[in-house]
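Me: Could you walk me through this model, a few questions at a time? I would like the cut-offs spelled out as we go.

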Amino acid sequence: MEERWSTEHVLSLAPDPASLKAAGKLSGPAPWSATGTGRGALWGLCKGSGSTPYRTAVELGTPAYTCSCPSRKFPCKHALGLLLLWAAGPEAVADGAAPPDWVEEWLNGRGQAAADRAAKQQAKAAKVAEADPEAARRRAEKRSARVAGGARELRLRLADGVRRGLADPPPAGAWEEVAARMVDAQAPGLASRVRTLAEAPSDELLEEYAMLHLLAGAYGRIDTLPEPLAATVRARVGFTTDTAELLAGPTVRDRWHVLGSRDTADDRLTTRRVWLRGAKTGRPALLLAFGRPGQAPDLALPTGRVLEADLAYHPGARPLRAVLGTRYGGPEPAPAAAPAGLPLAGALAEYGAAVAEDPWLDSWPAVLTDVVPVRTPDGWQLTDGVHTLPVRRGALPEPALWRLAAVSAGHPVTLFGECGHRGFAPVTAWDADHRPVPLG
């Protein structure tokens, strides 16, 4: 029997508000027939405007979706509506049913595709292992020289800006031109940070200059840095590590508690951030997934569940970002208790230790215990009766902050989020019954 998802988790999968609104109209039993769940899948027939109902199915482990409707959004409104119907309880969708032929065919096709992808990854790994190491070394040296040249130019541009005076901004488009130069130098990480200079508030501009200057300077002497710090610098400058290469290296197997997730979107991409913590190792991890416009990211782990799996961390002085490897079963319910955490002072000390190893960290994941959200004239704050920490401005919309206050009801709560020098960004709270409440 598949563990039913919460309504909040289903809603988090919607690719846009329009799909969410349309799915609400399909969340009742009236338009559905031949529904069922089994073999890790959910399916049903949804009555549409034509004579033939839409065939809709969801593979719950990944998750993945299929629907005979013409929508190009994933999941479409029918898949979301079916998931909402299933989340309502066993009265709506029966458990333990045998999948119909069309669902079996889709699941078998997905299984074959997964096997083909695994074979391709193995072939790619073998090709990398057999590649000419001398040619790879020459390519790496050529790119390193180009990035180093871009970093030198960036330091000169930043120095010119300081001499000119930060109160006298450069002409419109000047930073975009510098960012383009960094792209040409194969340093997309530097380009991304340069673009933020055009939008940085005046009281934060010197800080942004300094951190960018420090990063460019660090790459200029990367051969002298300790390897963990050098790996951090490479990653922040824009060097990437292939997922297959990471998974071929050391992995960490644990029962990972899903502490929370958050989606951000722009015109080109939706980014999903999922935070985990190992039950045995205690290590935090951040998984990233991406989706094109109109398509939700393909990684969906319900907040509050536990997943036994292998993770491979990206190298760095303070490893956090990871990729998901082999799963040993699906997400399971977490223990009926809020996760262990730290007081405010302990969370700040942990963030300080992380920054000492990676100076470009804006924040570090933390679980706070026994904190109360308070609305003050200066904005929202968290207090544990001894210390206070501001809620980072813009981290959550105002309704979400009032939702946090409602969960607390004036009493201490356990709260997960990101702790940084600009305050705390809440992601998940646990209510009085120790149930996770996603915020945002």
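Reply: Strands (E, at least two residues) and helices (H or I, at least four) are DSSP runs, numbered from the N terminus. This is a predicted model, in which local features need pLDDT of at least 70 and side-chain atom pairs count only at pLDDT 80 or more, while totals for chains, interfaces and linings use all residues. Residues are numbered from 1 along each chain as its sequence is written, and side-chain values use heavy atoms, with hydrogens and water left out.

Me: Which residue in S7 stands opposite Thr 270?

Reply: Two strands pair if DSSP finds at least two bridges between them. Strand S6 (residues 270-278) and strand S7 (residues 284-291) run antiparallel and are joined by eight bridges. The residue opposite Thr 270 is Gly 291.

Me: How many aromatic pairs does a search of the whole structure find?

Reply: Rings of Phe, Tyr and Trp (its six-membered ring) pair if their centres lie within 6.5 Å; planes under 30 degrees apart count as stacked, over 60 as edge-to-face and the rest as tilted. With that rule, the number of aromatic pairs found in the whole structure is five.

Me: Trp 175 and Tyr 209 form one of them; what is the angle between the planes?

Reply: The pair links distant parts of the chain, with Trp 175 in helix H6 (residues 174-184) and Tyr 209 in helix H8 (residues 205-220), 34 residues apart. Trp 175 has a relative accessible area of 10% and Tyr 209 one of 5%, so both are buried (under 20%; exposed is over 50%, partly exposed in between, with a 1.4 Å probe and protein chains only). Their rings are edge-to-face, 5.9 Å centre to centre, and the angle is 85°.

Me: Trp 275 and Phe 416 form an aromatic pair too; how many residues apart are they?

Reply: These rings are edge-to-face, 5.7 Å centre to centre with 65° between the planes. Trp 275 is buried at 2% relative accessible area, and Phe 416 is buried at 1%. Trp 275 lies in strand S6 and Phe 416 in strand S14 (residues 413-420), so the pair links distant parts of the chain, and the separation is 141 residues.

Me: The charged end of Arg 283 sits over which ring?

Reply: A charge sits over a ring if NZ of Lys or CZ of Arg is within 6 Å of the ring centre and within 35 degrees of the ring normal. Arg 253 does this over the ring of Tyr 328, 3.5 Å from its centre. For Arg 283, at 3.9 Å from the centre, the ring is that of Tyr 313.

Me: Are H5 and H6 roughly parallel or roughly antiparallel?

Reply: Axes are lines fitted to C-alpha atoms, for helices over the stretch in contact, and angles run from 0 to 180 degrees between N-to-C directions. The axes of helix H5 (residues 133-164) and H6 come within 8 Å and cross at roughly 160°. Angles under 35 degrees count as roughly parallel, over 145 as roughly antiparallel, 65 to 115 as roughly perpendicular and the rest as oblique, so H5 and H6 are roughly antiparallel.

Me: Is His 421 buried or exposed, or in between?

Reply: His 421 is found in the loop between S14 and strand S15 (423-430). Its C-alpha atom is separated by 6.9 Å from that of Asp 362, 59 residues apart along the chain. With a relative accessible area of 40%, His 421 is partly exposed.
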